[in-house]
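Reader: Could you take me through this structure? I will ask about one topic at a time.

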Amino acid sequence: MIYPKIPLAQSIIEICNVKGVLDIIICPGSRNAPLTIGFVNNPNFKCYSIADERCAAFFALGLAKQKQKPVAVVCTSGSALLNFYPAFAEAYYSQIPLIVISADRPKEKIDIGDGQTIRQENVFTNHSLYNANLTAEVSEENDVFINEAINVAIGKKGPTHINVPFEEPLYETVKKRSVDFNITSLFKLYRMVTIDDIIAFSTLWNHSKKILVLVGELPPNSVEKRWIDMLASFPSVVVMTESTSNLHNSSFINKIDTLITPFSAKDSLMLQPRILITFGGMIVSKRIKTFLRKYKPKHHWHIDELRAYDTFGILTKHFHVSPNQFFTQFLPYVKTVESDYKNKIAAVFADRKIKHKSYLKSIPFSDLKAFEIILKKLPKNLNLHFSNSSSIRYAQLFKIAASIDVACNRGTSGIDGSTSTAIGSAIASDKPTLLITGDVSFLYDSNALWNDYIPKNFKVIVINNGGGGIFRILPGHQENQVFNTFFETSHCLTAEHLAKMFQFDYYVASDSENLKENLKSFFENNEKPAILEVFTPTKDNDKILLQYFKQLV
């Protein structure tokens, strides 16, 4: 075995090994050479070299999200570290165990005019669950800090930062480890719903005829089927899910915006719940958030082991347990309450679905039509990622098969790392991976394609409407040079030459018929990664979408 000569690097590598942090994303550099040497020469680690730090961090995030295990990303000193921040913030809000290990100059070299040097300690303070600022020498205190950074990332499900000062020489190696290291055990907090809470809150449930369950982003198979079926059986309970919820039952409302966007005041009062129960991550639908802030429930319970955001301004109870644990303890104590709540909402939703189908038959080729065609043609057993802005919002208007796992970076809802995240996830998935993305998001993260790890069955569909189409839907859209340049960021770029440079097969579609034709060969081709670019009419998409919601009434 080859080890870095610097003892501190040995300690970090060995503690990561013992604690099972075995996926290591390494960004090339010199100051981090001791870590690189140690990780790549230990067969227990799976190491990936990603040149662009922002892409590397999102790649690591996708890997960690798919595996539900911690992943470490390593960089050199200086501004390299700052490029991790977008993914770091996403990991914080999406509760993903991401561990950043940054090489640094010794303290005496900071702020004296030395090259590639910035103030690295605590640089992620606003979003870091733990900051381990190590000293240059091996010590028990350093070992405690390293252990704690890993323990917190795993136990509290989020990002942590280990900052490691190294002095030259950096590349020397030894054949025998020269340090002993200390391991601290991972502390797990086991919480239960108390009997007092069960009595009090089940009594509330049993006297409520209108209960709304709203589910955010969840990993697939997070909730046991028996609890899904039980929730679906109550006439007093309406369950709303999103594409990213990965929760399926024929009675659930899985197209929230289609249901509520045309609501009158009378409809809204009909839907207004007495109890709102939420679990899962961030909600995509802006409309349901606006609705619940206006038509507030009397009680809002959130179920999450770690955090509860007061999204609607009326949080009354945080149950610090997982959804499965909550339902296991709580649901046996609730009763079936006679109510027409579920049937009334189901009747409205059934009418909306009829009008949804009717309108889609009448429209020309557009973003909305493209999503209808694509989502109908998806193969089964797919690992499906959406980029942010328009892509994930269009997805909410359609049903996606239960065999398809859906993901999107909804922690911060940024467009910056969607492709990198999808590729990281593809590495760990036993299913083929498809990313559906907008043109701006795809171009923004094009360096994501710059690595040697992209599986042959990884595919990208780029909806190219010539700019940031989301801005045409938002209030304030005006057809002028300022809007086109500074909001929509109009462009005439395509993915064709990027596909060629990164050796992806490339397909094109610009109307309904050739989209259907090309989707077949696009999905059947698993010899190389592939990009299908779908061109839609820039100036028609917003009108067609806005008219969609009007036609639902």
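**A loop residue, then the rest of the chain**

Reader: Where is the place of Thr244?

Author: Thr244 sits in the loop between strand S10 (237-240) and helix H8 (256-260). Please keep in mind throughout that this is a predicted model.

Reader: Is Thr244 buried or exposed?

Author: Thr244 has a relative accessible area of 0%, so it is buried. Leaving aside neighbours within four places in sequence, its contacts are Gly216, Glu217, Leu218, Val284, Ile392, Val406, Ala407 and Cys408.

Reader: Glu217 is in that list of contacts. Which residue forms a salt bridge with Glu217?

Author: That partner is Lys65, with the closest N and O atoms 2.9 Å apart. The pair links distant parts of the chain, 152 residues apart: Lys65 is in helix H3 (residues 53-67), and Glu217 is in the loop between strand S9 (211-215) and H7.

Reader: How many salt bridges does the count come to?

Author: The count comes to 19 salt bridges. One of the pairs is Glu168 with Arg31, where the closest N and O atoms are 3.4 Å apart. Glu168 lies in the loop between strand S7 (160-165) and strand S8 (173-174), and Arg31 in the loop between strand S2 (23-26) and helix H2 (33-40), so the pair ties together parts that are 137 residues apart in sequence.

Reader: And what is the accessibility of Glu168 and of Arg31?

Author: Glu168 is exposed, at 54% relative accessibility, whereas Arg31 is buried at 5%.

Reader: What about the peptide bond from Glu168 to Pro169: cis or trans?

Author: That bond is cis, with omega near 0°. Pro169 is placed in the loop between S7 and S8. As a general point, most peptide bonds are trans.

Reader: Staying with backbone geometry, which residues have a positive phi although they are not glycine?

Author: Gln95 has a phi of about 55°, and Asn221 has a phi of about 60°. Most residues other than glycine have a negative phi. Gln95 lies in the loop between helix H4 (85-94) and S5. Asn221 is in the loop between S9 and H7, and it counts as exposed at 75% relative accessibility.

Reader: Let us change topic to helix H11. Why is H11 described as largely enclosed?

Author: Helix H11 covers residues 323-330, and six of its eight residues are buried, so the rest of the structure largely encloses it. The buried ones are Pro323, Asn324, Phe326, Phe327, Gln329 and Phe330.

Reader: What covers the buried residues of H11?

Author: The cover includes helix H6 (195-206) and helix H7 (225-233), together with strand S11 (275-279), strand S12 (299-303) and strand S13 (317-319).

Reader: H6 is part of that cover. Which residues form a nonpolar patch on the surface?

Author: Ile195, Ile199 and Tyr333 form a nonpolar patch, with about 310 Å² of accessible area together. Ile195 lies in helix H6 and counts as partly exposed, at 49% relative accessibility.

Reader: And which residues gather in a patch of positive charge?

Author: Lys353, Lys357, Lys361 and Lys399 gather in such a patch on the surface. Lys399 is in the loop between helix H14 (390-395) and strand S15 (405-408). Its relative accessibility is 63%, so Lys399 counts as exposed.

Reader: Back to helix H8. What does Asp257 touch?

Author: Asp257, which is in helix H8, touches Pro262, Ser285, Arg287, Leu397 and Phe549, not counting residues up to four places away in sequence. At 7% relative accessibility, Asp257 counts as buried.

Technical notes. Residues numbered from 1 in each chain as written. Predicted model: local features only at pLDDT ≥ 70, side-chain atom pairs only at ≥ 80, totals over all residues. Heavy atoms only, no water. Patch = residues over 30% accessible without salt bridge, like charges linked within 9 Å, V, L, I, M, F, W, Y side chains within 5 Å. Areas by Shrake-Rupley, 256 points an atom, 1.4 Å probe, with all protein chains shown as cover. Salt bridge = Lys/Arg side-chain N within 4 Å of Asp/Glu carboxyl O. Lys, Arg positive; Asp, Glu negative; His and termini not counted. Charge placed at Lys NZ, Arg CZ, Asp CG, Glu CD. Helix = DSSP H or I, 4+ residues; strand = E, 2+ residues; numbered from the N terminus. Buried < 20%, exposed > 50% of the residue type's maximum accessible area, 1.4 Å probe, protein only. Contact = heavy atoms within 4.5 Å.
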